[in-house]
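Subject: Model for your files

Hello,

Here is the structure I said I would pass on. My notes on it follow below.

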Amino acid sequence: MSHNGDIHWIRHALTLAGRAAQAGEVPVGAVLVYDGEVLGEGWNRPIGSHDPTAHAEIMALRAASEKIRNYRVIGATLYVTLEPCIMCAGAMIHARIRRLVFGAFDPKSGAAGTRWNVLALPGVNHRVAVEGGVLATECGAILRAFFQARR
């Protein structure tokens with residue numbers, strides 16, 4: 001996909017992150033796309049749903065899997081506003097997504113190369129191509145604003 005296409009979908013993920021912020025959740029949004037079609041989208045919901053696995057990426061993967069009636073979303077690209085955690089990176093491997101594009105890097109718990117690189121561990125049975133830093137400034141700004149407002 002072109003860089004402009006990546007920017008388009010990260011912007012879409014940013015609107016989803018806004019939904020999380022409105023609900024008092026950490027503002028992270030994710031959209032799963034295949035051939036220009038949205039298969040699933042999500043935003044952080046662990047607090048409201050009382051579910052520690054309800055990260056934006058997991059919600060998007062669940063929606064996509066339900067839509068296509070398969071837990072594998074081979075060939076899809078996941079766009080997310082924040083570098084995924086270990087749990088979400090593992091789910092991407094199991095789902096067999098082709099590509100991950102994320103916005104802000106997460107130095108505390110990023111598992112796509114910043115803190116850990118789960119997606120490139122030796123012995124992992126599927127490789128996910130990764131591009132980070134797309135609209136990183138905008139993606140980081142929504143997170144900073146959220147946490148500043150809570151202090």
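**Burial and overall form**

Of the 151 residues in the chain, 48% are buried. Please keep in mind that this is a predicted model.

The radius of gyration is 14 Å; a compact globule of 151 residues would come out near 15 Å, so the chain agrees with that expectation. The accessible surface is about 7500 Å², and carbon and sulfur atoms account for 55% of that.

**Fold and contacts**

There are five helices and five strands in the chain. Their order along the sequence is α-β-β-α-α-β-α-β-β-α. Taking the contacts between residues at least 6 apart in sequence, 56% link residues at least 24 apart.

**The hairpin**

Strand 1 (residues 29-34) runs antiparallel to strand 2 (residues 37-43), and six bridges pair them. Within this pairing, leucine 32 sits opposite glycine 40 of strand 2. The two strands make a hairpin, with two residues between strand 1 and strand 2. Aspartate 35 is in the turn and has a positive phi of about 50°.

**Charge**

Regards

Note on methods: Residues are numbered from 1 along each chain as its sequence is written. This is a predicted model: local features need pLDDT of at least 70, side-chain atom pairs count only at pLDDT 80 or more; totals for chains, interfaces and linings use all residues. Side-chain values use heavy atoms; hydrogens and water are left out. Helices (H or I, at least four residues) and strands (E, at least two) are DSSP runs, numbered from the N terminus. The radius of gyration is taken over C-alpha atoms; the globule rule is 2.2 Å times the number of residues to the power 0.38. Buried means under 20% relative accessible area, exposed over 50%, partly exposed in between (1.4 Å probe, protein chains only). Contact means heavy atoms within 4.5 Å. Accessible areas come from the Shrake-Rupley method with a 1.4 Å probe; for residues, only the protein chains shown count as cover. Two strands pair if DSSP finds at least two bridges between them.
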